Amino acid sequence: MYNWISALADLQTQGEPCVLVTIIEELGSTPRNAGSKMVVSATQAFDTIGGGHLEYKAMQVAREMLASGKQDTHLERFSLGASLGQCCGGVTVLLFEPMGQVQAQIAVFGAGHVGRALVPLLASLPCRVRWIDSREAEFPEQIPHGVRKIIAEEPVDEIDDLPAGSYCIVMTHNHQLDLELTAAILKRNDFAYFGLIGSKTKRVKFEHRLRERGFDNAVLQRMRCPMGLGEVKGKLPVEIAISIAGEIIATYNANFGQHTAKAEPIAKLLPASRRSHASN
């Protein structure tokens, strides 16, 4: 059996959320001493706090926290009597600590200058990142930890595999590819955030072409273009990347746990962007 510390390290390396459960107080007769720990993920449990119905209830509580996305620590007192089917007769207080919660599943299309500046920033956040481009040579030699590099001849095909509620960032080297990616993302319309790099002029052109394809204004308004915080000015790739990362953070902090197409549009959360980003 994995001990809890090894399991916790492995789950965090894999980017899989889990809950660390610790006995912090014991009164009377209890199956394990204070300080005993177990780790609970969505599908597995590692180590033990004594087994029996107490452990089963602890796993239920932990998995409810994982399912709801709750990130606050939680204390709960359990009496080890008939209600738990245990005859110890003591009392155990458990501390539940969410670990490694992922706040955003992010897909970055494009490994150009801005993409190479942006992805390390996103990788340092509680996010999982797919980094997608057709050009293997554009990726840096070292891919940041927690980032999955995807070399795809047809990047548009990757959109079908994205989880609902993803954060989609389009910044490829090709305007036509940007348009096809945009159309596929808007067709799904189940993203939490969609940003397209480019100027206001690019947005106008894209909106015209997308209306010709049958997209209505309500869907088009969910697209952020120009994207990024207008207050963070500058044209250097890292400056643009910081602006975009700031907008992502503001969005997931406002919408965490609401990853549906009905989540509040970013325009209601932030001032309208005043940046005119050049295409990467």
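Trainee: Hi! Is R116 buried, partly exposed or exposed?

Mentor: Good place to start. R116 counts as partly exposed, because its relative accessibility is 28%. Keep in mind that this is a predicted model.

Trainee: Got it. Which residue does R116 form a salt bridge with?

Mentor: The partner is E138, and the closest N and O atoms of the two are 3.2 Å apart. R116 sits in helix α3 (residues 113–123) while E138 is in the loop between β7 (127–133) and β8, so the pair ties together parts that are 22 residues apart in sequence.

Trainee: Why would two side chains pair up like that?

Mentor: Side chains of opposite charge can pair when their charged atoms come close.

Trainee: And E138, is that one buried, partly exposed or exposed?

Mentor: E138 is partly exposed, because its relative accessibility is 26%.

Trainee: How many salt bridges does the count come to?

Mentor: The count is eight salt bridges. Among them is the one between the side chains of D133 and R135, at 3.0 Å from N to O. D133 has a relative accessible area of 3%, so it is buried. R135 has a relative accessible area of 24%, so that residue is partly exposed.

Trainee: Nice. What is R203 linked to?

Mentor: R203 belongs to a network of salt bridges together with E207 and R211. Take the R211 and E207 bridge: the closest N and O atoms there are 3.4 Å apart.

Trainee: Let's zoom out. How many helices and strands does the protein chain have?

Mentor: The chain has seven helices and 11 strands. It has 280 residues, and 48% of them count as buried. Among contacts with a separation of 6 or more, 61% are between residues 24 or more positions apart.

Trainee: Where on the surface does negative charge gather?

Mentor: There is a patch made of E153, E154, D157, D160 and D161. D161, for one, is in the loop between β8 (147–151) and β9 (167–170). That residue is exposed, because its relative accessible area is 54%.

Trainee: Which residues make the nonpolar surface patch?

Mentor: L236, V238 and I242 make it, and the patch comes to about 260 Å². L236 is in the loop between β11 (223–224) and α7 (237–255).

Trainee: New topic: what is H74 in contact with?

Mentor: Leaving aside neighbours within four places in sequence, H74 is in contact with V61, M65, L94, L95 and F96. H74 is in strand β4 (residues 74–79). H74 and L95 are 21 residues apart in sequence, and their C-alpha atoms are 5.8 Å apart.

Trainee: Last one! Is S36 buried or exposed?

Mentor: S36 is buried, because its relative accessibility is 8%. You will find S36 in the loop between β1 (18–27) and β2 (37–40). Leaving aside neighbours within four places in sequence, its contacts are V21, T22, I23, T48 and I49.

Methods. Residues numbered from 1 in each chain as written. Predicted model: local features only at pLDDT ≥ 70, side-chain atom pairs only at ≥ 80, totals over all residues. Heavy atoms only, no water. Patch = residues over 30% accessible without salt bridge, like charges linked within 9 Å, V, L, I, M, F, W, Y side chains within 5 Å. Areas by Shrake-Rupley, 256 points an atom, 1.4 Å probe, with all protein chains shown as cover. Salt bridge = Lys/Arg side-chain N within 4 Å of Asp/Glu carboxyl O. Lys, Arg positive; Asp, Glu negative; His and termini not counted. Charge placed at Lys NZ, Arg CZ, Asp CG, Glu CD. Helix = DSSP H or I, 4+ residues; strand = E, 2+ residues; numbered from the N terminus. Buried < 20%, exposed > 50% of the residue type's maximum accessible area, 1.4 Å probe, protein only. Contact = heavy atoms within 4.5 Å.
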